[in-house]
Amino acid sequence: MKFVIQRVTHASVTVDGELLGKIDKGLLVLIGIAQDDTQELADKMVRKLCNLRIFEDAQGKTNLSISDVGGSLLLISQFTLYADCRKGNRPSFVYAGSPDMAEPMYEHMIEEARRYVPDVQRGRFGADMKVDLLNDGPFTVVLDSKELF
């Protein structure tokens with residue numbers, strides 16, 4: 001499982017002109033799910049995400065979590081995080097989770113995140129989404145479960 005986490009001042013996602021999710025201060029998270037990912041791993045990744053101290057405290061140090069600052073989450077599924085570009089010029093996505101496995105996992109992560117953060121917005125699994133954001137910092141962190149657990 002991979003998360004690309006961007007601290008944002010605002011972010012939104014639309015599909016066919018329909019606004020699906022919008023946040024102000026918080027985290028935009030692009031979520032890649034691999035075929036061998038489990039619900040237990042998803043829970044660990046969400047817990048890590050929600051406890052990351054990447055917001056500034058009164059002294060300007062990144063010492064606060066999203067809960068500490070009353071921020072929001074915008075969670076977007078993105079299978080392209082598992083692009084394999086080693087051969088040729090066309091990426092392969094054989095390591096990405098199949099939709100019948102990845103979509104329930106994505107839905108589970110949204111519900112799990114709501115245990116930590118009251119305002120969790122979302123995209124639409126498998127849709128052609130347009131994501132708009134203003135990266136704050138810029139501050140971007142990549143969490144890869146293979147490197148964490």
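Helices (H or I, at least four residues) and strands (E, at least two) are DSSP runs, numbered from the N terminus. Hi everyone, with that in hand, let's walk through this structure. It is a predicted model, where local features need pLDDT of at least 70, side-chain atom pairs count only at pLDDT 80 or more, and totals for chains, interfaces and linings use all residues. Residues are numbered from 1 along each chain as its sequence is written, and side-chain values use heavy atoms, with hydrogens and water left out.

Let's start with the backbone. Most residues other than glycine have a negative phi, and most peptide bonds are trans. Then look at the loop between β1 (2-15) and β2 (18-23), where you will find Asp16. Asp16 is not a glycine, yet its phi is positive, about 50°.

Now to the helices. How do the axes of α1 and α2 cross? Helix α1 covers residues 39-51, and its axis comes within 10 Å of that of α2, crossing at roughly 40°. Here axes are lines fitted to C-alpha atoms, for helices over the stretch in contact, and angles run from 0 to 180 degrees between N-to-C directions. The two helices are therefore oblique to each other; under 35 degrees would count as roughly parallel, over 145 as roughly antiparallel, 65 to 115 as roughly perpendicular, and the rest is oblique.

Which residues make the contact, meaning heavy atoms within 4.5 Å? From α1 come Gln39, Ala42, Asp43, Val46 and Cys50, and from α2 come Met105, His108, Met109, Glu112 and Ala113. Take Asp43, in helix α1: leaving aside residues up to four places away in sequence, Asp43 touches His108 and Glu112. The C-alpha atoms of Asp43 and Met109 are separated by 7.0 Å, though the two are 66 residues apart along the chain.

Finally, the largest pocket: it holds about 340 Å³ of space. A pocket is, on a 1 Å grid over the protein atoms alone, an open set of points where a 1.4 Å probe fits, with protein on both sides within 12 Å along at least five of seven lines; lining residues have an atom within 4 Å of a point. The volume is the space filled by probe spheres set on the points, which are joined across faces, edges and corners. Its lining has 18 residues, with Ser77, Gln78, Phe79, Gly126 and Met129 nearest the centre. β3 gives the most, three residues.

How values were computed. Contact means heavy atoms within 4.5 Å.
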